[in-house]
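Dear colleague,

Please find below the structure that I am handing over to you, followed by a short account of what was found in it.

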Amino acid sequence: MDRTVPSLSSFARGLTTETAFDVLAVARKLMTSGKDVIALQIGDSPFPTTASALKAAHAAIDAGLTRYCPSAGLPEFRETIAATVKKEFGVPATADNVVVGPGAKVFETYFCEAFLEPGDAVLVFQPAFPTFEPNIIRRGAKPVYVPLKQENQFRPDLGAIEKFVKSEPRARALFLNFPHNPTGGVATADDLKAIANIVRGTNIAVFSDEPYCHMVWNAAGPSVLGKHHSILAEPGMLEQCVGAYTFSKSYSMSGWRCGYMVTSAATAQVVSKMINTSLSCVPPIVQMAGKAALEHDAAERDDVMVKFHAKVVLLVNELRKLPDVTVLMPEGTFYVFPNVKPICDRLGITSHGLAMYLLEGADDKRGVACLGGECFGAAGQGFLRFSCAEPDERLVQAVQFFADAITRTERVKAYLEANPKYRAR
Ligand SMILES: Cc1ncc(COP(=O)(O)O)c(C=O)c1O
């Protein structure tokens, strides 16, 4: 019998996802079949959730916090968040400026729903976090990509922002993400001041994605932890921006799904309605864990951040020993983003093809999982992204494996024959 199934929307048919999760699935499958995979593909913390968060969640269960709660978040948690962003980043927030969500990512969707109409233009720096684009497209708006360049330390091009604001007829929003995934670039305090000066008083809304706010590195010391600057601290910017923050990275809580946004009270109310009409609320148990993390776990968090920094330095220094690899020391995040274009050109392979070869094709017993720069858009071509979420000795092994794998040209050839989509054109 002929069955007709409902046709999917064009949006559903064209939906793109975060490739890190796809590579994670391939890596997990290979691991199950016995392959030793050094997993540097996903931006997840290998450290345990901080202690007070764990304790508070148990206490919340025991106290019976197992029901719905306000869509914007528990009032006491919103207050703690406001006090924290004020103290840590100088953002003049009160609880009315805060909305709690299941991580930071969902706020991309809500930001686009709050501000974008079909045909609007959104400036996005590229390489870009892969879910920015589908969320912009979901609203029928169009991303306008501006490259972040290695020779400019992956800092934002202020001239391009000015040009966009002044000459793009449908300019409506700007996506920022500093410290930046995948490049590790950081916008300086002066960059952010300049951006605020360009957009202030215009109809441009800014989405400032700041999941790595506690991973700003300070090469000059004395502490390796630097100060995070948020554009929301600039005069008037709380009203014009949505800042998105998460517990995933700082407190090793990616699976808890806990984050928050900071914005004007009016936008916070609108986004609370969006949560009401989609998620209802974030589980109160999770919120109590987040609250305890903010109140008690800053020291543990910073110890973990220092460990991440040491891994970043180790991985960069190992990569710098290889010919044809050019890599900056990241200013922030736990990602390392080497330029491997000469290697790709020599092997006739795309950078994501090279990443998949390292995982699947280079060796039968071992693989390294990482991402090709083009998973973050065309401007990422020729780069690889490694996260540093493995023990130190495994990071060293991963680089050695990479160095050997690219000399096995017969295996590269066979891999490309089996996977022609990875051939460089
Ligand atoms: C730039 C960026 N935005 C958002 C997220 C999502 O974070 P969350 O786990 O809080 O949803 C990530 C996670 O990797 C990220 O790198």
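Predicted model: local features only at pLDDT ≥ 70, side-chain atom pairs only at ≥ 80, totals over all residues.

On the side of domain 1 that touches domain 2, the largest share comes from helix α12 (residues 298–319), which supplies 5 residues. Sorted by class, that side of domain 1 has 19 nonpolar, 11 polar and 4 charged residues. As for salt bridges, the rule finds 0 across the interface of domain 1 and domain 2.

The domain assignment of the protein chain places 10–47 + 303–406 in domain 1 and 51–297 in domain 2. Taken over C-alpha atoms, the centres of domain 1 and domain 2 are separated by 25 Å. In terms of contacts, 34 residues of domain 1 meet 32 residues of domain 2. About 2,900 Å² of area is buried between domain 1 and domain 2, and carbon and sulfur atoms give 64% of that area.

**A sheet of three strands**

The model also holds an open sheet of 3 strands in the order β9-β12-β11, with antiparallel pairing. Its edge strands, each pairing on one side only, are β9 (335–336) and β11 (371–372). Between β9 and strand β12 (residues 384–387), the antiparallel pairing runs over 2 bridges. V336 lies opposite F386 in β12. In general, strands of a sheet pair through backbone hydrogen bonds, either parallel or antiparallel.

With kind regards

Technical notes. Residues numbered from 1 in each chain as written. Heavy atoms only, no water. Domains from an automatic or database assignment. Contact = heavy atoms within 4.5 Å. Buried area = accessible area lost by both parts, 1.4 Å probe. Salt bridge = Lys/Arg side-chain N within 4 Å of Asp/Glu carboxyl O. Helix = DSSP H or I, 4+ residues; strand = E, 2+ residues; numbered from the N terminus. Nonpolar A, V, L, I, M, F, W, Y, C, P; charged D, E, K, R; others polar. Pairing = 2+ DSSP bridges.
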